Amino acid sequence: MPSGSGIDAEFSMTSSLASVVAVPARLQSSRLPNKVMAVIGGLPMLQRVLLRCAKATTPRGVVLCTDSDQLADLARVWGFQALLTSPSCDSGSERIASVAEALIDVAGGTAETTLIINVQGDQPFINPAVIDAMAAEFNRRTPTPEVLTPVYRMGADKVHNPNVVKTLLAADGRALYFSRSAVPHVRGVDPEKWHQHATYWGHVGIYGYRADVLQRWNALPYSPLENTEKLEQLRLIEAGIGIGTYRVEGESLSVDTAEQLEQARAIAAAKEVT
């Protein structure tokens, strides 16, 4: 089972971390505009995400981080806190990093004792148990990790899908790389049979950050890899910040395309999922 530490030696665990869930969201999306307001099973997708996060027992709050007054107002009507961010933020992590101080206040901790869990606003069926597992993993490991993310063993049908992010793992579970391409490449074998020769790990698109790591986000150097793959976590890896992993069973659907939106609606129609 992957159990990478993604740690530095400076901080040791002396008590449980205070945690908060931050959900970055915007109305504009290049591939699927206004997707967070798409109705899935009778609820806007964003509301569904927030409600799912609120079912986790560990975090001290669920906060929407958005550049949209409309979304912020709706979140408050739904009973959630909202923080306004700059529209210039290029990624969800950058968005929550810009309001890290306010999120630390919500958690009631300090930069070194606060866990900020980033759940994307396009994950309508995020499992609350995965959020609680994130907090448990941070509190279990000594020294305290800088960043953790969940992974799952990927089925053969996802290996070559560029919309499904793959994670290349070290023997100790640290994430070596994230890619939209299939990694590792199996030389001399038909790509349709690669899964028979290598284990492929999928990435569940949530991240747990020690808050002081997010405070340094804007000081991290420009990442060509992040820009090429359009994967924000590569900025951390390219800057030498370790990302640990822990294994979960099954993926969590992220809605990035019209096809995935229809898939989400079919899932909601097939069973009662709130």
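Contact here means heavy atoms within 4.5 Å. The model is predicted, so that local features need pLDDT of at least 70 and side-chain atom pairs count only at pLDDT 80 or more, while totals for chains, interfaces and linings use all residues. Residues are numbered from 1 along each chain as its sequence is written, and side-chain values use heavy atoms, with hydrogens and water left out.

**Exercise 1.** Find which residues touch the most other members of the largest nonpolar core, and list the contacts of V23 beyond its neighbours within four places in sequence.

*Solution.* A nonpolar core is a set of buried Ala, Val, Leu, Ile, Met, Phe, Trp, Tyr and Cys residues joined through side-chain atoms within 4.5 Å, where buried means under 20% relative accessible area with a 1.4 Å probe and protein chains only. The largest such core has 52 residues, and V23, L46, C53 and V119 touch the most other members. Next, with those sequence neighbours set aside, V23 is in contact with L46, V49, L50, C53, V62, V63, L64, C65, V119, Q120 and G121. Apart from this core lies another of 31 residues, including F178 and L234.

**Exercise 2.** Describe the aromatic pair of Y209 and W217, and decide whether Y209 is buried or exposed.

*Solution.* Rings of Phe, Tyr and Trp (its six-membered ring) pair if their centres lie within 6.5 Å, and planes under 30 degrees apart count as stacked, over 60 as edge-to-face and the rest as tilted. For Y209 and W217 the centres are 6.4 Å apart with 80° between the planes, an edge-to-face pair. Y209 counts as buried because its relative accessibility is 0%, and W217 is likewise buried at 0%. Finally, Y207, Y209 and W217 form one aromatic cluster.

Methods:
Buried means under 20% relative accessible area, exposed over 50%, partly exposed in between (1.4 Å probe, protein chains only).
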